[in-house]
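Reader: I'd like to learn how to read a fold like this one. Could you walk me through it, one feature at a time?

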Amino acid sequence: MNKGTGYVRRLNKNDAEAVFAVRQEAYESSAQFKVLNYSYLEWNQVDDVAIVLGVFNEKDELLASLRGEFIRSRAEAEEKLHYTINPRLDLFPGILLGRGATKRAYRNYGFNSLLRYYYLGLAIDFPFKSTFASVFEKAPRIGLLRDMNYRFSIPSDAQDNDIHVLTREYFVYLERKHFLPSFQFLQTKFGNVISRYSWTGLI
């Protein structure tokens, strides 16, 4: 059981090398997909304008990161995700969560959930209609997302030149009506890690 402490903060271009190292380590060992182009994991212009959060230990070492992009329309989301989204869904503007990565030694510490907690806190305070993402069958967080009331669908036309999917890709989304209950759920389930890795700095 992890007894360490640390903090969460927004990342920037100065963290680029550490972010790439964490992403590369995490994605190299994925059983759900194979990376075809590792350069797409490098810090880029999308990271510059998105909100990328990181978990650090007491030695200021980056342990995990997650990127949140503000997406204004379905067309923009489809361009990012490389598949079609049901036009009947009213999800935009929303926050696309992606590039989630945790160092292998810390995978069971709840850091991805910790970062989702902070993104949900942000989403509650602003007029976003959803948070959404692509996840893959057999990924460790599938059960948690279902408990948070994320909805799942299977894209029929997914195509991404940067990865080769080994299992099945899902489009998952959390509607605004579930933001506060999900936030409270994470607060209860991961209260220990939230208290030990507190927020620092500005968003």
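Reader: Is Y170 buried or exposed?

Author: The cut-off for buried is under 20% relative accessible area. Y170 comes out at 11% relative accessibility, so Y170 counts as buried. Bear in mind that this is a predicted model.

Reader: Where does Y170 lie, and which residues is Y170 in contact with?

Author: Y170 lies in strand β9. Leaving aside neighbours within four places in sequence, its contacts include Y83, the run A133, S134, V135, F136 and E137, and also I142, F152 and P155. As for A21, 149 residues away along the chain, its C-alpha is separated from that of Y170 by 26 Å.

Reader: Which way do β6 and β9 pair, parallel or antiparallel?

Author: A general idea to start: in a regular strand the side chains alternate between the two faces of the sheet. Here, β6 and β9 (residues 169-175) pair in the antiparallel sense over 7 bridges. Strand β6, residues 130-136, is mostly covered, with 6 of its 7 residues buried.

Reader: And how many bridges link β5 and β6?

Author: Strand β5 (residues 94-102) pairs with β6 over 3 bridges, in the parallel sense. I95 stands opposite T131 of β6. Going from β5 to β6, the chain passes through helix α4 (residues 111-125), and this β-α-β crossover is right-handed.

Reader: Last one: which residues have the most contacts inside the largest nonpolar core?

Author: In soluble globular proteins, nonpolar side chains tend to be buried together. The largest nonpolar core here has 37 residues, and V55, F111 and L114 have the most contacts inside it. Helix α4 gives the largest share of this core, 9 residues. Not counting residues up to four places away in sequence, L114 touches V8, V55, V193, I194 and Y197. There's also a second, separate core of 18 residues, with A16, Y40, W43 and F56 among them.

Key. Residues are numbered from 1 along each chain as its sequence is written. This is a predicted model: local features need pLDDT of at least 70, side-chain atom pairs count only at pLDDT 80 or more; totals for chains, interfaces and linings use all residues. Side-chain values use heavy atoms; hydrogens and water are left out. Buried means under 20% relative accessible area, exposed over 50%, partly exposed in between (1.4 Å probe, protein chains only). Helices (H or I, at least four residues) and strands (E, at least two) are DSSP runs, numbered from the N terminus. Two strands pair if DSSP finds at least two bridges between them. A crossover is right-handed if, with the strands pointing away from the viewer, the path from the first strand over the helix to the second runs clockwise. A nonpolar core is a set of buried Ala, Val, Leu, Ile, Met, Phe, Trp, Tyr and Cys residues joined through side-chain atoms within 4.5 Å. Contact means heavy atoms within 4.5 Å.
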